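Hi everyone, thanks for coming along. Let me put the structure up on the screen, and then I'll talk you through a few parts of it.

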Amino acid sequence: MVGSMIGIVLYLVFAPFVGGLISGIDRKLTARMQGRIGPPLLQPFYDVRKLINKEILLINNMQFLFAWCFVIFIAFTGALFYGGVNILLVVFVLTTAAMFLVLEATTTNSPFSVMGANREMMQMLSYEPMVLLTAVGFYVATGIGPHDGTFNISEIITHSDIPNVVYLPGVFIGYLYILTIKLRKSPFDISMSHHAHQEMVKGITTELTGGMMALIEISHWYENVFLLGLVALFILCSKWWSIPLALIVCAAAFFLEVLIDNTSARVKWDLMLKSAWIITLVFGAINIFILQMF
Amino acid sequence: MATKVAKSPWLLHYDGSSCNGCDIEVLACLTPIYDVERFGIINTGNPKHADILLITGGINTQNKAVVEQLYSQMPEPKVVCAVGICACNGGVFKECYNIIGGVDKVIPVDVYVPGCAARPNAIIDGVVKALGVLEEKRKNMKGGAAE
Ligand code: SF4
């Protein structure tokens, strides 16, 4: 209990800093890959500070409400995760949070926001099966051997001295695939792109100004730290060496995402949906199916 | 100078009735040689996220309303930077039947970047000048009392 309280507090306090730093590294890496010098490492923090200092032009009050709900639910998702609670609960709260962003964009009635919202729902449709399978995968993997399966995150880590990824290589690949969608990286950045001059302007975030946009940025930092935490969960086990190994794997996964972002053009939604589901079925489902036989 | 707003200026580039010469120079600023992202400058396509409105080319009877609307959609503090002699006063197109004149005929302009075409280093210089104005405006926005 005390352990999970510490986890929650640490996450709520430090995740924005870590997330902002990760985003700064992302922009620096991207610039280097393109042969540019790139912005300072702390640029994301400067951006958010500036946004807070700008005027807020609200379209309606619902926008305000939903943007706040998005932040709170994203932070809640991560807090549950780092608190070591039930992973299924985490998955469901994450979906709820994503829905609030969609709602926010729909209330504005702006064609760009609404288009972004529609595409965001396509993205949710693409990654949601794999996220659920990841949770199920952990349950099945912990069920191997003398124990019963569990959805409890602390038990997933402590139940054995072999990293879960050994049992779940397919699920891990599937999760990495949808991580590209979740991190809003090209080729799957179809609802909102970090790059300028898209056909849908800034997609789902088009109508957010000043402090509201800052809120969304911060919640993306929270979200990214949570998503990378889920990568780490594949590696962590009861042995001490799994902690540095998990950090290395997280860094490698993130580098891979940035590399993919810079080397691929965005695809249409139907290709995203099909490929994500095929990967989910081929890697995720078959992996779990094979595990079930033991 | 580098305070709250000045470290993260986001641009909105609007092409008025330019010959596209200046537009290409604006885009050149994004390339590895000039790399404006060094200064945290982002070329955003969205007036609601923009701090600096960068206009190339003059104002004609058809784009007048567009420019006014873009300007009104930007949240305070905001500055306008007219790039190229066309945007400053109409330039070579000044006498055309459809040209109203420079950008300052419809919205207040804070920085003028002359040149035909304006060179990337002149444009970056203009944007950096605009940052000073932006910071000034932010202070005034707070009513001076908060500072
Ligand atoms: S200033 Fe010169 S280069 Fe620029 S838009 Fe006008 S004519 Fe073209």
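This is a predicted model: local features need pLDDT of at least 70, side-chain atom pairs count only at pLDDT 80 or more; totals for chains, interfaces and linings use all residues.

Residues are numbered from 1 along each chain as its sequence is written, chains are lettered from A and ligands numbered from 1 in the order in which they are written, and side-chain values use heavy atoms, with hydrogens and water left out.

Let's begin with the interface. The size of an interface is often given as the accessible area lost when the parts come together. Here the area buried between chain B and chain A is about 2500 Å², and carbon and sulfur atoms give 53% of it. Buried area, by the way, is the accessible area (1.4 Å probe) that two parts lose on being put together, summed over both. Chain B brings 30 residues to the contact and chain A brings 29 residues, with contact meaning heavy atoms within 4.5 Å.

How many residue pairs are in polar contact across the interface of chain B and chain A? The rule finds 20, with both residues at pLDDT 80 or more. A polar contact is a pair of N or O atoms within 3.5 Å; within protein, one must be able to donate a hydrogen and the other to accept it, and residues adjacent in sequence count only if both atoms are side-chain atoms. On the side of chain B that touches chain A, β2 (42-43) and α4 (120-141) of chain B each supply at least two residues. Helices (H or I, at least four residues) and strands (E, at least two) are DSSP runs, numbered from the N terminus. By class, that side of chain B has ten nonpolar, ten polar and ten charged residues. In this scheme Ala, Val, Leu, Ile, Met, Phe, Trp, Tyr, Cys and Pro count as nonpolar, Asp, Glu, Lys and Arg as charged, and the others, Gly among them, as polar.

Now for the salt bridges. Side chains of opposite charge can pair when their charged atoms come close. The cut-off is a side-chain nitrogen of Lys or Arg within 4 Å of a carboxyl oxygen of Asp or Glu. Over all chains, the search finds 16 salt bridges, and the count between chain B and chain A is six. One of them pairs Glu207(A) with Lys48(B) at 2.7 Å, N to O.

Glu37(B) and Arg27(A) also meet in a salt bridge, at 3.0 Å, N to O. Glu37(B) sits in the loop between α1 and β2 of chain B and Arg27(A) in helix α1 (residues 2-33) of chain A, so the pair joins two chains. Glu37(B) counts as buried at 13% relative accessibility, and Arg27(A) is buried at 16%. Buried means under 20% relative accessible area, exposed over 50%, partly exposed in between (1.4 Å probe, protein chains only).

Within chain B, Glu135(B) forms a salt bridge with Arg138(B), the closest N and O atoms being 3.1 Å apart. Both lie in helix α4 of chain B, three residues apart, about one turn of the helix, and both are buried. Elsewhere, salt bridges that share partners join Arg27(A), Arg36(A), Asp47(A), Asp35(B) and Glu37(B) into one network.

Within chain A, Lys185(A) and Asp261(A) meet at 4.0 Å, N to O. This pair links distant parts of the chain, 76 residues apart: Lys185(A) is in the loop between α7 (169-182) and α8 (210-235), and Asp261(A) in helix α9 (residues 242-263). Lys185(A) is buried at 3% relative accessible area, and Asp261(A) is buried at 8%.

On to the ligand. Residues surrounding the ligand include Cys19(B), Cys22(B), Cys86(B) and Cys116(B). The elements giving two or more residues to this shell are α1 (21-28) and α3 (85-89) of chain B. The shell divides into seven nonpolar, four polar and no charged residues.

Last, some single residues. Leaving aside neighbours within four places in sequence, Thr134(A) is in contact with Val171(A), Tyr175(A) and Phe234(A). Asn118(A) lies in helix α5 of chain A too, and is partly exposed at 43%.

Note on methods:
A residue is near a molecule or strand if one of its heavy atoms lies within 4 Å of it.
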